[in-house]
Amino acid sequence: MTPASTQAKVASADVEKPATDGKVRILIVDDEPSMREMLRIVLRRDGYDVQLADSGREAIDQLRQNNFDLLLSDIKMPDVSGVDVLRAAKEINRDVVAFMMTAYASTSTAVEAMRLGAVDYFTKPFSMDELRLKIRQHLESHRLKQENVLLKKALKTRYEFSNIIGRSESMLEVFRMVETIAKTTSTVLITGESGTGKDLVARAIHYNSLRRERPFVALNCGGVPETLLESELFGHMRGAFTGADTNKKGLIEVAEGGTVFLDEIGEMTTTMQIKLLRVLQDRRFRRLGGTEEVQADIRVIAATNQDLEKAVANGRFREDLFYRINVIRMHLPPLRERKDDIPLLAEHFLSKYAEQMKKPVRSVAQASLPLLQMYGWPGNVRELENVIERAVALEQSPSILPESLPSQIRTPGAMKSDLDPGSRIPDPGLMLPDLGEGFDLEARGEDFYRHYIALALERAGGVQVKAAEMLGMSFRSFRYYAKKFNIR
């Protein structure tokens with residue numbers, strides 16, 4: 001219920017309209033006619049299909065009869081409360097995006113709504129432009145996940161790029177490259193930092209290739225002692241060395257007709273490099289201790305996190321072998337260079353581990369997303385997966401809250417930001433506090449945004465487009481916050 005004096009503040013800021021293929025359906029629930037009508041006008045103008053309910057009971061009836069993408073409900077109503085409407089909405093469709101409104105600020109009801117799955121709540125009177133912006137952001141996040149699923153299905157492959165998540169331009173280029181080179185038989189060299197997913201890309205290439213029905217065999221060249229690497233790769237004959245009691249096929253022979261993936265190839269010794277070079281040149285090899293030459297019908301995909309050109313210059317890696325494996329080269333970008341993919345990846349890993357652990361954790365809280373996106377991720381996607389697994393294990397609410405993230409992510413001083421890679425000393429005023437007896441979370445969040453937006457603008461020489469790129473934000477979002485905090 002809303003006091004008659006309560007009026008929403010409709011500002012004139014430029015808020016980007018949602019780009020939707022079909023109309024997003026929104027259900028507005030409020031017993032105040034003027035508020036319902038105002039929200040209907042504003043949101044329909046943005047292109048949404050808006051339905052109204054004047055009571056909690058009517059809202060629940062509509063939710064049962066129709067499918068809605070977003071729920072915007074008042075909390076205090078005479079018949080059924082907004083919290084009960086939210087609970088029913090989540091039982092009917094757990095993916096519905098829910099916002100709550102109230103003119104009677106109550107910490108307990110707000111906490112209860114957030115625990116039931118509301119993504120945010122607004123205290124009346126509120127800015128319509130802020131509401132429009134947040135609706136667009138949450139719907140965009142949901143749309144990105146759907147687009148990623150459609151992208152993988154469109155590739156029409158057995159492996160379907162499973163676990164390779166991303167919609168950033170750099171990752172879309174990787175997807176296109178995989179699709180192009182998979183049909184060839186050329187040797188591929190995948191470069192990138194540890195944890196960027198080189199093994200997943202190698203598997204995607206194999207499972208999209210004409211060799212998909214044959215084995216995919218992986219060998220970590222840095223994880224096998226030199227004395228055993230030759231036997232692992234080429235096999236051995238009985239009596240070739242102490243303990244060789246039987247003949248054994250090597251991985252090249254096991255992978256006949258398929259693909260051999262040589263990870264960390266930069267760790268291979270010079271002796272092994274010479275033997276691998278012969279396989280690539282002649283497609284033949286000898287088992288350890290054997291005299292018979294064996295035909296090698298394989299495709300080789302190599303990967304490294306090292307600078308092989310530098311290794312060649314230093315004499316640590318053979319130049320002729322480098323040119324043999326560097327036929328088609330793919331580079332995987334580090335996670336810090338594709339921060340737009342972090343929400344998608346986080347949601348993917350959340351779904352994976354929530355299902356494994358049978359826990360009702362369904363989303364990443366909005367307060368946690370900026371922390372994940374500002375962190376430098378030295379361990380890349382592998383580190384993000386470990387962080388989300390840990391958070392799901394610890395989280396007791398439906399959303400991953402900042403308290404469930406490791407301290408190095410919660411603390412701005414531990415963030416390896418692109419803004420200043422060499423600096424790890426935070427502004428003392430921005431250190432994230434312990435919960436203690438409580439604090440103003442909204443004010444803290446504003447301090448966080450204000451600090452980094454001002455810093456990015458300074459580094460970008462006042463160019464907002466460049467500053468927005470440094471923070472991984474859209475230009476419109478950056479302009480909105482810069483105007484809100486009066487930063488020029």
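At 28% relative accessibility, Arg278 counts as partly exposed (that is, between under 20% for buried and over 50% for exposed, with a 1.4 Å probe and protein chains only). This is a predicted model, where local features need pLDDT of at least 70 and side-chain atom pairs count only at pLDDT 80 or more, while totals for chains, interfaces and linings use all residues. Residues are numbered from 1 along each chain as its sequence is written, and side-chain values use heavy atoms, leaving out hydrogens and water.

So what does Arg278 pair with? Its side chain meets that of Glu293 in a salt bridge, 2.1 Å from N to O (the term means a side-chain nitrogen of Lys or Arg within 4 Å of a carboxyl oxygen of Asp or Glu). Glu293 sits in strand 12 (residues 293–295) and Arg278 in helix 10 (residues 270–282), so the pair ties together parts 15 residues apart in sequence. Helices here are DSSP runs of H or I with at least four residues, strands are runs of E with at least two, and both are numbered from the N terminus. Salt bridges with shared partners join Arg278, Asp282, Arg286 and Glu293 into one network.

Now look at helix 6 (residues 169–181), where Glu173 and Arg176 are three residues apart, about one helical turn. Their side chains form a salt bridge at 3.2 Å, N to O. Arg176 also has a salt bridge with Glu169, with the closest N and O atoms 2.6 Å apart. Glu169 is exposed, at 52% relative accessible area, whereas Arg176 is partly exposed at 38%. Across the whole structure, a search finds 24 salt bridges.
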